[in-house]
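I opened my notebook today to walk through a structure step by step. Come along and look things up with me.

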Amino acid sequence: MAMVTIDGRKVEVDAGTTILNAAKKLGIDIPTLCHHPDLAVQAVCRICVVEIEGQKLLQPACAFPVQDGMVVYTNTPRVRQARKVNLELLLARHPQDCLQCVRNRSCELQALAERFGMREIRFEHKLRGLPEDHSTPAIVREPDKCILCRRCVSMCHDVQAAGVLFPSRRGADTVVTPVFGRGLDEVACALCGQCIHACPVGAISERDDTERVWQALADPNKHVVVQTAPATRVSIGEEMGLPPGQIITGKLVAALRRLGFDKVMDTDFTADLTIIEEGNEFLKRLKEGGVLPMITSCSPGWIKFGEHFYPDLLKHISTCKSPQQMFGALVKTYYARKAGIDPKDIFSVSLMPCTAKKYEADRPEMCDSGYKDVDVVLTSRELGRMLREAGIRFEDLPEEEHDDPMGISTGAAAIFGATGGVMEAALRTVYEVATGSELPKIDFEEVRGLKGIKEAQVKVGDLDVRVAVAHGLGNAKKILDLLREGKANYHFIEIMCCPGGCVGGGGQPIPTTMEIRGIRGNALYEADRGLPYRKSHENPAIKQIYAEFLGEPLGEVSHHLLHTHYTPRQKYPSVAKAVCGEAAG
Amino acid sequence: MEFYRSHVLVCGGTPCVLEGCKGVRDALIAEVKRRGLDREVKVVETGCLGPCDLGPVIVVYPEGTLYQKVRVSDVPEIVEQHLLKGRVVTRLVGEAPQAGVVKYEEPTYLGVQERIVLRNCGVIDPESIEEYIARDGYRALAKCLTEMKPADVIEAVKKSGLVGRGGAAFPTGLKWSFTAKADADQKYILCNADEGEPGTFKDRLILEGDPHSILEGMAIAGYAVGADKGFIYVRGEYVLSIERLGKAIEQAKALGLLGSNIFGSGFSFDVEIRKGAGAYVCGEETGLIESIEGKRGEPRIKPPYPGTEGLYGKPTVVNNVETIANIPPILLNGPDWFRKFGTERCPGTKVFTLTGDINNKGLIEVPMGITLRRVIYEIGGGIPGGREFKMAQTGGTSGGCLPKELLDVPMDYFTLPEHGSALGSGALLIMDASHCIVDIAECFMRFFEHESCGKCTPCREGTARLHEIVAKIARGEGKPGDLELLDELGSVMQVSSLCGLGQAAPVPIKTMLKYFRDEFEAHINDRLCPTGTCGI
């Protein structure tokens with residue numbers, strides 16, 4: 001333990017605690033910028049500097065460990081001057097177009113400028129004049145806004161193991177960039193969007209597709225259908241000013257209707273369908289000696305990462321499309337036929353917690369309905385923008401139900417949005433389909449929670465099924481490396497690209513921290529407990545679609561509409577723009 | 001990218017600037033153009049090429065021909081003969097700079113200098129281990145391994161009062177004791193030979209002139225702290241140093257003075273060379289470590305310090321070349337002998353590189369605490385043409401600039417900081433009264449803008465802004481408030497930058513503002529250069 005004095009008040013903390021955290025215990029909020037609670041210490045912005053008695057230099061509170069007897073001052077003239085000059089230096093190099101910026105009012109630099117009462121910048125306003133990157137359908141980079149805090153670098157390397165973004169050049173020319181200034185489309189970027197959550201400013205953001213949706217909504221000839229992803233029902237509230245972890249499914253449905261969507265249906269329906277298809281695929285692989293372990297395929301960031309870095313392991317990935325793409329394929333076939341609407345008039349929108357979903361929807365093979373299966377993917381943040389613009393207030397909304405038939409779902413589908421959820425949902429169904437008897441206990445606690453890699457063993461009939469769950473690509477990499485070495489002794493693996501699973505997706509509200517990911521995940525498990533059906537195979541709408549349309553799991557129609565294939569990719573891919581229905585070059 | 005058959009590199013280091021390299025550069029560009037060669041030959045101003053005492057220096061590639069003391073009047077001949085006809089202009093080639101440029105024959109040198117570090121430079125053949133051994137080489141190592149315990153070695157170094165000669169002046173024995181105490185399966189000794197400070201070339205000359213003394217010193221350090229592996233991180237441009245070190249390592253291994261079980265003591269030690277790629281910041285110890293690990297050359301956050309968590313996360317001693325060169329004589333002759341030189345607070349000698357407006361340029365070794373006046377007028381032979389002294393920059397480009405009022409301040413690691421300057425690496429740049437202070441400031445600040453690694457805000461942005469503001473003043477575009485802003489920004493950089501680069505970068509401008517403020521004010525208020533030499 002160490003007793004330290006901060007601004008004249010004593011506090012006892014563990015030796016090695018940072019000054020920042022010690023001060024927090026005293027209720028002192030030292031300003032930070034490059035600090036992020038979930039990421040490696042950077043200590044580069046020098047905003048959090050403090051004075052330590054006996055030291056000539058100021059030290060960064062975010063990094064400097066306390067020692068017993070240390071005396072710290074957080075607000076001396078020297079400290080205040082250093083913070084303000086360093087902030088001034090950053091502002092002088094930053095576009096001052098806050099009003100037009102995607103991060104207006106959620107920008108940490110802007111908040112600091114407000115906090116410090118910056119009224120004057122004495123240095124010449126000079127931008128670096130770097131080109132923007134609009135090369136992918138998912139993520140936009142505006143390097144001129146970058147303040148070089150390197151949080152995205154830590155996220156991309158330490159957490160997501162993609163290693164796409166890093167600092168290049170030096171001095172005032174320093175820029176965080178993919179290698180050789182390439183676009184994100186020319187490197188092995190998973191498009192997970194976690195860098196967006198790391199970014200304190202508007203240097204990285206999602207591609208905004210709201211205008212295309214507004215246009216479709218305004219077009220009387222379009223039948224606009226929206227699907228809502230599992231994780232969005234516990235996060236959209238944050239866009240509307242509610243605290244994290246509120247289950248707002250009913251209000252979300254009502255809000256989407258008020259925006260003008262003709263049908264509000266649910267990705268949870270196709271999440272249940274995924275479980276039926278994927279569960280049967282797993283049982284088939286088990287029975288027929290197929291490639292094991294089988295890995296889940298719902299997470300498009302993981303799929304792209306796998307295609308770049310583990311092309312040799314693609315045969316392990318389930319051929320099931322993600323719920324989003326199953327929905328897209330069905331809405332322009334099954335639903336169109338049922339509703340008597342020409343599929344060309346259907347405009348299919350998905351509400352997703354995810355940036356990689358934008359890329360997935362654009363993959364050339366995702367046109368099995370004969371049309372682009374999903375026309376536009378909106379992230380949670382984009383929908384938040386639309387709802388606020390439309391003046392829809394959650395507090396005034398009633399709770400409404402999703403539309404039939406693709407709006408009926410189970411608790412198993414709801415938990416898809418949390419790490420371990422797909423595995424748990426699959427186990428609930430696989431057990432009962434394989435054994436024909438009821439699960440003794442429906443909750444698989446071992447695969448829940450935020451531990452990086454989770455393992456469990458489940459007795460299904462005579463077989464001990466060994467499963468593993470990884471979330472965040474860094475954790476996924478550990479398991480995939482084992483698999484490559486032949487040391488992954490599992491039957492079934494769930495991989496989710498983003499830490500915490502889809503509740504922590506790159507399209508989710510800002511801020512998204514580990515703590516918030518956990519809260520949203522818990523809300524999904526709460527939603528699961530409150531639903532009448534909690535196993536995918538018990539969903540009556542699923543039984544109906546097999547009876548009316550699909551025939552049987554893994555059948556011919558399923559094969560055509562619900563399953564897909566993967567494409568080995570290089571780490572430095574050359575860009576081949578393929579359009580819907582054509583093979584990528 | 002365009003391709004040229006030939007590149008002419010003009011050294012743009014500070015000493016060469018003082019020698020008029022800009023005129024040479026401009027003349028080269030003009031002459032190349034006049035001859036219609038501008039699509040074939042590219043003239044490039046580079047950073048310091050090293051031989052600061054031979055400036056202005058230019059190198060013509062692809063041949064790699066080094067021309068020294070090039071004047072504007074030499075330019076037509078170089079272009080005509082070398083670039084057009086392919087003939088080397090032999091009268092401008094001279095001999096390659098090597099160890100021992102000091103002129104021994106002058107009695108004043110012998111009178112004042114004490115040669116501990118340079119004891120072998122210019123005396124022995126650096127490529128002969130036998131000659132090194134003949135001058136007591138490897139005896140100190142033998143003594144340590146056979147007669148002393150590691151703790152005794154550290155104690156002796158502590159007692160000697162030796163402090164680091166790279167610039168930070170940290171007590172060497174204390175540094176070693178941290179690593180010795182650290183519990184680890186692997187420890188390292190790193191020799192910092194990434195001498196990047198413009199105007200400093202002492203490490204190069206030590207490495208070229210006496211490479212074995214470095215190997216011996218490193219092995220002693222390894223024995224003291226329990227490390228069996230060493231790396232010498234050498235500035236990549238120091239081709240001759242690298243070559244001679246490589247030979248020295250081979251020779252020492254062949255004789256069993258490096259390798260396993262040295263002198264049958266059970267102690268093993270190996271040394272490898274690592275070449276730097278030209279980044280100034282890699283001279284910072286943690287930047288150097290990152291570079292050896294193959295990463296982007298950037299400093300780490302401290303703590304943890306390298307002594308406990310350094311190369312590959314293992315306890316690591318990082319010592320400068322000159323520091324290590326002091327080790328064998330200290331162990332051989334004892335700490336009391338060492339303390340006879342220099343001052344009480346700062347025992348020993350200091351190697352200085354004398355550059356600028358001074359008659360005898362080159363390398364000298366003098367007792368710590370000698371005054372600037374004695375160095376300039378007794379050893380340096382005074383200022384050419386008997387011109388008036390204006391200022392001396394001590395410690396390299398990141399050092400302070402001292403006016404004539406401070407000529408009698410003793411130069412050591414503790415006194416100079418009291419006057420806003422630093423002893424640093426030991427570079428001494430002398431300037432006479434003909435130079436414009438703003439011009440010089442602009443040159444210094446441009447250097448730091450270029451060399452900042454870009455990691456922390458105050459250094460990355462601050463170095464650029466210091467340069468921007470000074471450049472404006474130099475162009476006659478300064479405005480009231482600029483000097484206060486320079487002062488304030490400089491102070492913030494000094495206390496809040498992540499590493500020594502950003503902390504030291506404002507030192508020259510701060511001291512210039514302190515001692516030569518009126519000259520800046522004349523540029524701003526009167527749009528006038530008091531020396532009448534700058535372009536305003």
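**Entry 1: exposed or buried.** Before starting, I noted the rule I need: a residue is exposed when its relative accessible area is over 50%, buried when it is under 20%, and partly exposed in between. I began with Phe180(A), whose relative accessibility is 76%, so Phe180(A) counts as exposed. Phe180(A) sits in the loop between β8 (175-177) and α5 (194-198) of chain A.

**Entry 2: another positive phi.** Leu554(A) also has a positive phi without being glycine, here near 65°. I found Leu554(A) in the loop between α18 (540-550) and α19 (556-561) of chain A. With a relative accessible area of 28%, Leu554(A) is partly exposed.

**Entry 3: a strand residue.** Is Thr379(A) buried or exposed? I looked it up: the relative accessibility is 0%, so Thr379(A) counts as buried. Thr379(A) belongs to strand β14 (residues 376-379) of chain A. Setting aside neighbours within four places in sequence, I listed the contacts of Thr379(A), among them Glu206(A), Leu351(A), Lys358(A) and Gly507(A).

**Entry 4: cis peptide bonds.** I checked omega next. Leu292(A) and Pro293(A) are joined by a cis peptide bond with omega about -10°. Pro293(A) lies in the loop between α9 (267-288) and β12 (294-295) of chain A. The bond from Ile510(A) to Pro511(A) is cis too, and its omega is near 5°. Pro511(A) is in the loop between β17 (492-496) and α17 (514-529) of chain A.

**Entry 5: helices across two chains.** I then turned to helix α2 (residues 77-91) of chain A and helix α18 (residues 482-496) of chain B, whose axes come within 9 Å and cross at roughly 105°. Therefore α2(A) is roughly perpendicular to α18(B). On the α2(A) side I noted residues including Arg78(A), Ala82(A), Val85(A) and Leu89(A), which meet α18(B) residues including Glu488(B), Leu489(B) and Val492(B). Sorted by class, this contact has six nonpolar, three polar and two charged residues.

**Entry 6: helices within chain B.** Helix α16 (residues 437-451) and helix α21 (residues 517-525), both of chain B, pack at about 95° with axes 9 Å apart. So α16(B) is roughly perpendicular to α21(B). Ile437(B), Val438(B) and Ala441(B) of α16(B) make the contact with Glu519(B), Phe520(B) and His523(B) of α21(B). I sorted these as four nonpolar, one polar and one charged.

Entry 7: The cut-off I used asks for two cysteine sulfur atoms within 2.5 Å. The sulfur of Cys529(B) is 3.7 Å from its closest cysteine sulfur, in Cys436(B), so that pair is too far for a bond. For Cys401(B) the closest is in Cys443(B), at 11 Å, again too far. Both cysteines I started from are buried: Cys529(B) has a relative accessible area of 9%, and Cys401(B) has 0%.

**Entry 8: confidence in chain B.** Chain B averages a pLDDT of 90, and 93% of its residues score at least 70. Over residues 96-111 of chain B, though, the pLDDT is below 50; this stretch has 33 contacts in the model beyond near neighbours in sequence. My reminder to myself: where pLDDT is low, predicted coordinates should not be read in detail.

Technical notes. Residues are numbered from 1 along each chain as its sequence is written. Chains are lettered from A and ligands numbered from 1 in the order in which they are written. This is a predicted model: local features need pLDDT of at least 70, side-chain atom pairs count only at pLDDT 80 or more; totals for chains, interfaces and linings use all residues. Side-chain values use heavy atoms; hydrogens and water are left out. Buried means under 20% relative accessible area, exposed over 50%, partly exposed in between (1.4 Å probe, protein chains only). pLDDT is the predictor's confidence in each residue, from 0 to 100. Contact means heavy atoms within 4.5 Å. Axes are lines fitted to C-alpha atoms, for helices over the stretch in contact, and angles run from 0 to 180 degrees between N-to-C directions. Helices (H or I, at least four residues) and strands (E, at least two) are DSSP runs, numbered from the N terminus. Angles under 35 degrees count as roughly parallel, over 145 as roughly antiparallel, 65 to 115 as roughly perpendicular and the rest as oblique. Ala, Val, Leu, Ile, Met, Phe, Trp, Tyr, Cys and Pro count as nonpolar, Asp, Glu, Lys and Arg as charged, and the others, Gly among them, as polar.
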